[in-house]
Amino acid sequence: MSRQTLSRRKILDAALRLADERGLAGLTMRRLAAEFGVEAMSLYNHVANKRDLLDGIAARVFESIPLPDPALAWDERLRFLGNGAFAAFAAHPVVARAVVAGEADPRSVRALRVIDAFFGALLDAGLDEPSAVRRYRSLSGLLFGAVLVQTVSPAGAQTHQADLIDDWLCTAARNEELPHLRLVLPVMAVDVCRPDFGPELDLFIDGLRPTRPAAPAPPLAPPPAPVCAPGP
């Protein structure tokens, strides 16, 4: 390949594509440099090291998440951000796995604007700062868990799942201590649908809404006055 003018953005975009194609193990500085027709040392004018490269591709995925209109209600913004983040990471599951494993973190201002928008929606929902942090971590777990479940290798995963369910069915049929599994396993065996992130996000958002206090009970009616019998 002919030599190209390098920039950090070009390097990160090429690294993201290589990671998608070959996984993190296949993303080497030498292979990345070959994409541009240069020596690996030329990359270090734009990325400090392999960790900086991985942080950079994580930032590129975060930066691709569209930001909602700040005039929208907090729940609409949170839904917009959540669905956008799911789509972005489902397109690059190798980066999702790297973020979950702590191998890559977003550090650019544009990436952090997305996280800032998540916190803005959570705070506008009426949460205090500690509650917003806890809820953000819960939402991150929900998001990345859904991405990882839905983007595993389809062929191998389906074969493994079918074999596992068959094994569970045999075990449950012989064991009275597993009555609920016996009920649901036939459904699991025929249900090929993967978990849907959208409804799970809706449930998460509904859980943030303030609960209305119960209506006060009506006052008790005063007891009837006693009826006095006439005197003698």
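In this predicted model, helix H5, which spans residues 93-100, is largely enclosed by the rest of the structure, because 6 of its 8 residues are buried. The buried residues of H5 are Pro93, Val94, Val95, Ala96, Ala98 and Val99, and they pack against four helices, namely H1 (8-22), H3 (50-63), H4 (74-90) and H7. Just after H5 the chain reaches Gly102, which takes a positive phi of about 75°.

Two packed helices are described by the angle between their axes and the distance between the axes. For H7 (residues 129-150) and H10 (residues 197-206), the angle is about 170° and the axes lie 11 Å apart, which means that H7 is roughly antiparallel to H10, since angles over 145 degrees count as such. The crossing of H7 and H10 is right-handed. On the H7 side the contact is made by Arg135, Ser138, Leu139, Leu142, Leu143, Ala146 and Gln150, which meet Phe197, Glu200, Leu201 and Phe204 of H10; the residues of this contact divide into 7 nonpolar, 2 polar and 2 charged.

Leu127 is found in the loop between helix H6 (109-124) and H7, and because its relative accessibility is 18%, where under 20% is the cut-off, Leu127 counts as buried. Leaving aside neighbours within four places in sequence, Leu127 is in contact with Leu122, Ala132, Arg135 and Leu208, and Arg135 is also one of the H7 residues that meet H10. Leu127 and Arg209, though 82 residues apart in sequence, are 9.9 Å apart in space, C-alpha to C-alpha.

Notes
Residues numbered from 1 in each chain as written. Predicted model: local features only at pLDDT ≥ 70, side-chain atom pairs only at ≥ 80, totals over all residues. Heavy atoms only, no water. Axes fitted to C-alpha atoms, helices over the stretch in contact; angles between N-to-C directions. Helix = DSSP H or I, 4+ residues; strand = E, 2+ residues; numbered from the N terminus. Parallel < 35°, antiparallel > 145°, perpendicular 65-115°, else oblique. Left-handed = near helix turned anticlockwise from the far one by under 90°. Contact = heavy atoms within 4.5 Å. Nonpolar A, V, L, I, M, F, W, Y, C, P; charged D, E, K, R; others polar. Buried < 20%, exposed > 50% of the residue type's maximum accessible area, 1.4 Å probe, protein only.
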